[in-house]
Amino acid sequence: MTLFELALKNIRRNMKSYSLYIGSTVFSILIYFTFATLKYSEDISGMAETSKQIKGIMGASAFVLMIFVAIFILYSNSFFMKKRKKEVALYSLLGVRKKSIGFLLFFENMVIGLVSLGIGVVLGFLLSRMLLTILLKLMGLDIVAGFAFSMNALINTCIVFFIIFLFTSLMGHRIIYRFKLIDLFHAEKKGENVPKARVITAVLGVASLAIAYYLALQDLTESQVWRVFGLATPIVIIAFTVLGSYLLFHSVLVYVLSALKGNARWAWKGLHMMTASQLLYRIRGNAKTLTLITILSATTITSGGAVFGVYYNAEKNVREYTPYTFMWEGEKQAIDTSIIESEITFYSKMIRVALDKYEMEYVVIDEATFGKLAKDLGWSDIQKLRQNEVFAIDAFFDERWSEKLDSVTINKVEFPVAKFYDKVLFNVETLGGNAIVVPEQLYDEIKSDETLIQAVKVTNYKNQSAVSDRLAASTENFSSATADYKNTIESLGALLFVGSFLGLVFLVATGSIIFFKMMTEAEEDKAKYAILHKIGVSKKDMNRTIRGQVGVIFTVPLVLGLIHGGVALVAVSNMFMMDFLVPVVIWMLAYTMIYAMYYFATVRSFIKTIRRGYLEG
Amino acid sequence: MESLLLVKDVEKKYGKDANTFKALEHISFEIDHGEFVGIMGPSGAGKSTLLNVLATIDTPTTGDIYIGKDNIAKMKEEKLADFRRDHLGFIFQDYNLLDSLTVRENILLPLAIAKIKPEEIAKRVDEIAGTFGISDLLNKYPYQISGGQKQRTAASRALISNPKIIFADEPTGALDSKSATDLLESMSSLNEKHETTIMMVTHDAYAASFCRRILFIKDGRLSKEIFRGSKTRKEFFQMILDELAQMGGDVNDVI
Ligand SMILES: Nc1ncnc2c1ncn2[C@@H]1O[C@H](COP(=O)(O)OP(=O)(O)OP(=O)(O)O)[C@@H](O)[C@H]1O
Ligand SMILES: [Mg+2]
């Protein structure tokens, strides 16, 4: 039997660990290639041309992705090689030359890499089209979905992965020269050396995170930092975040786990010590994976949160200044009655009011009209006007620079303002933000042209473009929530698009990376759980340990990722000067839920693998 | 007195269809409370298989096994786990220690699972580690200790919970004669003082001579049974040697 046949036979026998490794690799390539396709897509870069911010975000994301796939593949590879060490030792023991074994390992790694590259690119091409089409549909954007196969993306992907695979292959080649035979035999049993939990590491970690947060929260327009680093600033921030998270996991996790394991009260109860030592056993790998997941989570939370926040604000802005779907001056127009929610027709006048330094134009309506409009908008604090009183409305009121109207002089008589409203009563585009409400009698006395105004609310206002366009063409002074919403979304199109895409990619990436990692561990841990089964540990206890073991890998990075994402979103919301609080909280909850689903799916598969392991013996 | 372990016509097949291989055939016997039974036979005869089936780690293809009143051949998996935890102890041929736990943690695992108090656990670990001479190794990991030390660790783990029945698969295989004697003597004393029932597979006539009764297995069937009765250990040892010699060709295998 030649060495080659031996290797082939061996691959067939170890299909499980091979397929897990190849799966992880293909997956990384797929994600990276999909993103590269997007990055080099002309439609997107055409849109992105104008915006420095988007270029910065794209560059930073590509960097994060590259780092992520590189680390992930290196780690999967080292895990995979660890399983191979015993076999390598056996060949060596049987007298196969080191040179041949080294070549075999190099060759094997290279072949796996290249095959994965092929599969990954093909799948990536399909996936990118699918993801992009879905995304465009979801967002209702009218960008042509002509995302053709991008040569640049292919070349870029090939170069990046070729380098990674060359590196892993060389590492594989070196294994046989670097280790003593005895180490190779023990490789699988030994576990990773538990590093010392040093205070200095923890301090450095916290310091890195502090720097990253500080940089992230700088004001884009004024900060020296942005001037110095320019578009590289996001990368610097991410680098510090990664470093900080890693150091923190490295120190804190080791400290906590060692302390727990050393505490007999906790550890010697059921399988607690098993959970702790399982996590410690692979601590270096775990610190890396946890960092990776943290960063991925943070990226997902940030991009998703930003996109959702912008949407939310777009909608809120529209609602804030365009409470009626359509409003115009003049006669009623024919609108399909089935979509109309409410419809109000009223008259208004205009007066000029002298303020301290200048005069302002105010729309005047009578109290009955006010009552109708306010009721339609669901205002709760509608008062009755008494004789010689008026209400004032200022939709743009801002304490910092607006003047609060106390009284108005109309026809040379001064009327006190009985109540001041800082909300909109009608679409500001049609009637402006300022209005005065007067009693009927006074209204009649005002000498000014009367205009007839139509205000209509329809159902499903975001999708009434056809109606909106028709009305716009046939009416005066038209304002439309439909058009406003569409304009806002379109002007942010590229940003939203990149954000959603990143969010989606990273969401998938996070889930899969944890899944692959945990499945690889499950394969490794099978034997251990089989022993536990033999000495009479119940299924319930075992499942509890598994849930704990998987749970730590899930929870710890989620918490840190949420914090990172929160800080990043504060930065983003400052950049856009929008209030993100509500959408971000909603998005974080949604993310946590999706993440919880990943957790349950992973635990299920983990338990299944373990059970298969001990039932088959 | 009612028997503790009743084995009725047990058969174990490995593999499927054309490839089936009968590792055990028509095995029936009884073991009473407090017995110390040895199982001997050539390599590949089915000793480990029998022990695994009795120890509920594996299931028989057909047949019944009663421990007390429970038919463990028909018991549900969850109940079996509890049963193992509460009543059985094992020393495996290939040790089955957990690589990620220290020697101490490996030994105390059954007590931890049974939710015994830490103070009590610490006391019992120290005691048993002293008995087996591994007190200095408690903080080491399995890959750092020798095969015999592993075997003693495995024995400590099996005995620490004072189980009703101990199943031992060649517990002295990797031990020097001094450690082997220590282990056998502590098993004997458990058997005598606590009336622990012990079933031990062994190739070694010296180890077998500590038993009260010996079952011989050949090609998956029970072939012979001898009793120590009122003989001394030395006399019994000679008797076993004679028996093995009589079995002829197998002697080389056995000694
Ligand atoms: N999982 C299995 N699948 C198929 N055959 C098996 C399996 N386990 C054991 N056997 C076969 O069953 C027979 C009995 O094996 P067993 O391990 O019980 O032997 P043994 O008497 O313990 O031998 P030794 O003294 O060498 O330990 C052997 O022929 C073995 O090849
Ligand atoms: Mg055996």
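Let's start with A:F161, which touches A:S28, A:I29, A:Y32, A:V69, A:I73 and A:L117, leaving aside residues up to four places away in sequence; contact here means heavy atoms within 4.5 Å. Before I go on, this is a predicted model, where local features need pLDDT of at least 70, side-chain atom pairs count only at pLDDT 80 or more, and totals for chains, interfaces and linings use all residues. Residues are numbered from 1 along each chain as its sequence is written, chains are lettered from A and ligands numbered from 1 in the order written, and side-chain values use heavy atoms, with hydrogens and water left out.

Now, the core. A:F161, A:F68 and B:M199 have the most contacts inside the largest nonpolar core, which has 183 residues. By nonpolar core I mean buried Ala, Val, Leu, Ile, Met, Phe, Trp, Tyr and Cys residues joined through side-chain atoms within 4.5 Å, and buried is under 20% relative accessible area, exposed over 50%, partly exposed in between, with a 1.4 Å probe and protein chains only. Helix α19 of chain A, residues 493-534, gives this core the most, 19 residues. Helices are DSSP runs of H or I, at least four residues, and strands are runs of E, at least two, numbered from the N terminus. Another core of 21 residues lies apart, and A:I344, A:F346, A:V363 and A:A435 are among its members.

A:I73 comes up again with A:T25, which touches A:I73, A:S116 and A:F165, again not counting residues up to four places away in sequence. A:T25 sits in helix α2 of chain A, residues 15-40, and counts as buried because its relative accessibility is 1%.

On to the interface. How much area do chain B and chain A bury between them? About 2,900 Å², with 62% of it on carbon and sulfur atoms; that is accessible area (1.4 Å probe) lost on putting the two parts together, summed over both. B:E77, B:S100 and B:Y143 supply 21% of what chain B buries against chain A, more than any other three residues. Each chain, B and A, brings 30 residues to the contact.

There are 2 salt bridges between the chains, meaning a side-chain nitrogen of Lys or Arg within 4 Å of a carboxyl oxygen of Asp or Glu. One salt bridge joins B:E105 to A:K261, with the closest N and O atoms 3.3 Å apart.

B:E105 is also one of the buried residues of α3(B). In that helix, 10 of the 11 residues are buried, so α3(B) is largely enclosed by the rest of the structure. After α3(B) comes B:K115, with a positive phi near 60°.
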